[in-house]
Amino acid sequence: MQTENKTSYTPQPTLRVQGLKPSAVFQVLQKAEILKKQGKDIVSLSIGEPEWGTFDIIKSAGIKAIQEDYTKYTSAAGREKLRSQLSLQAEKDLGIPFGPENVTITAGCKYALFTLFQCFCNPGDEVILPAPYWVSYPNIMELCGAKCITVPTDESSGFKITASQLKKSLTNKTKIFLLNSPNNPTSAVYSSEELKALGDVLKDHPQVLVITDDIYNRIVFEGDSAPHILNFCSFLKNRTFAVNGGSKSYLMTGWRIAWIIGPKNLIKTLSSFQSQTISCANSISQKALEDSLLASEESIIQFREKLRELRDSFFNQMSQIPGLKPHPSEGGFYLWVGVKDLIGRKYQGEPITSSLDLMEKLLEKANLLCLSGESFGAPGYLRFNYAVKPDSLNKAIQRLSQFVSELT
């Protein structure tokens, strides 16, 4: 006769992940998928992904890479020829000489940032993060025990941290300053004067590393790339990491390929970390980008022009809807819209209590999916992705306009 086992044990995750929240973006997408399965015609302007596929020249290079058996491990840092190409591109964009030893290739920008924080932050180190910010930044910092020092910005500065704010936020515990330009979610681009001013502050704090998230740097509507702090503050070269990738400019979101440009002695540390975690980035993605990087320039220019037309049309139509305040999109492909005037009003008798509540009502009542400012550390706003087909934007405007007209 078996004795009943009264001892039970439920495995628990580690402390560092117990409070970790799932990505707000993917939570919203999951809810939208449920509604789609119910037969709802959902217009999605939410996830940061263009509606079009990867450039044909890159897809062809990927197919060729598979056929030619570029399917084996690469070095942890990535293929040397691709690293050499990326270093030359960085030299052109940033105005500072780099070589392949200054580059490590990773599995997407999110993992690149994770690697940086794991390698250079100890528990208790402070990271200065301007808000609004990309949704995953605070969680990536949390996983290494770093303390996120959020610096709110607003319309008065164009949603950009000022030199004065940065100076006040710096302490003897500050380890990293994280800068994202063009910004997600606001699409704001820092000017040369603003970057110089930030650099002047950082000059007096040599212990602070700088991480720039440049994933949208080629998607700008003035010039070929966004101004970068290293363009004007070369003295920061030995403590700055520039993160970039294929997801946005090359429409390679699912290929999961990105790179980090930085001081070669510290890049070596990052590559060693990768050797013990992911081994290396996807070999096929590396070879495909290597064979099409330079040839993709014309496709990027055409993509920017398409986005410019969509941006102008969407902004103009959004500006006509009472109670909405869209802010100019200088780079990337998002429209950041103030909705504070709608909070407190009612839809079919139900009060709108926040921009998060407004986002949920737009999805449930108007079949329109966007993201709320709460996800980005800035309540009172909505983010719309306009890198979609014109029909989708027109549907979105119609549904949004109808919804707002029914508010009381």
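To start us off, how many cavities of 30 Å³ or more does a search of the whole structure find?

Modeller: Happy to, and please keep in mind that this is a predicted model. Searching the whole structure turns up 3 cavities of 30 Å³ or more.

Let me begin with the largest cavity, which has a volume of about 220 Å³. Its lining is made up of 22 residues, and those nearest the centre are Leu 94, Asp 214, Asn 217, His 228 and Asn 244. Several elements take part: α4, β5 (174–180), β6 (209–213), β7 (240–245) and β8 (258–261) each give at least two residues to the lining of the largest cavity. The largest share belongs to α4, with 5 residues. Sorted by class, the lining of the largest cavity has 11 nonpolar, 8 polar and 3 charged residues.

The second largest cavity comes next, with a volume of about 90 Å³. It is lined by 13 residues, and Pro 130, Pro 132, Asn 180, Asn 183 and Tyr 190 are the closest to its centre. Here β3 (126–131) and β5 each contribute at least two residues to the lining. So β5 turns up again, since it also supplies at least two residues to the largest cavity. The lining of the second largest cavity divides into 10 nonpolar and 3 polar residues, with no charged ones.

Glu 101 sits in the loop between α4 (80–94) and β2 (103–106). Glu 101 counts as partly exposed because its relative accessibility is 41%, between the limits of 20% for buried and 50% for exposed. Apart from neighbours within four places in sequence, Glu 101 is in contact with Arg 83, Lys 264 and Ile 267. Ser 136 is 35 residues from Glu 101 along the chain, and the C-alpha atoms of the two are separated by 28 Å.

Definitions and conventions:
Residues are numbered from 1 along each chain as its sequence is written. This is a predicted model: local features need pLDDT of at least 70, side-chain atom pairs count only at pLDDT 80 or more; totals for chains, interfaces and linings use all residues. Side-chain values use heavy atoms; hydrogens and water are left out. Helices (H or I, at least four residues) and strands (E, at least two) are DSSP runs, numbered from the N terminus. Buried means under 20% relative accessible area, exposed over 50%, partly exposed in between (1.4 Å probe, protein chains only). Contact means heavy atoms within 4.5 Å. On a 1 Å grid over the protein atoms alone, a cavity is a set of points where a 1.4 Å probe fits but cannot get out, and a pocket is an open set with protein on both sides within 12 Å along at least five of seven lines; lining residues have an atom within 4 Å of a point. Grid points are joined across faces, edges and corners, and a volume is the space filled by probe spheres set on the points. Ala, Val, Leu, Ile, Met, Phe, Trp, Tyr, Cys and Pro count as nonpolar, Asp, Glu, Lys and Arg as charged, and the others, Gly among them, as polar.
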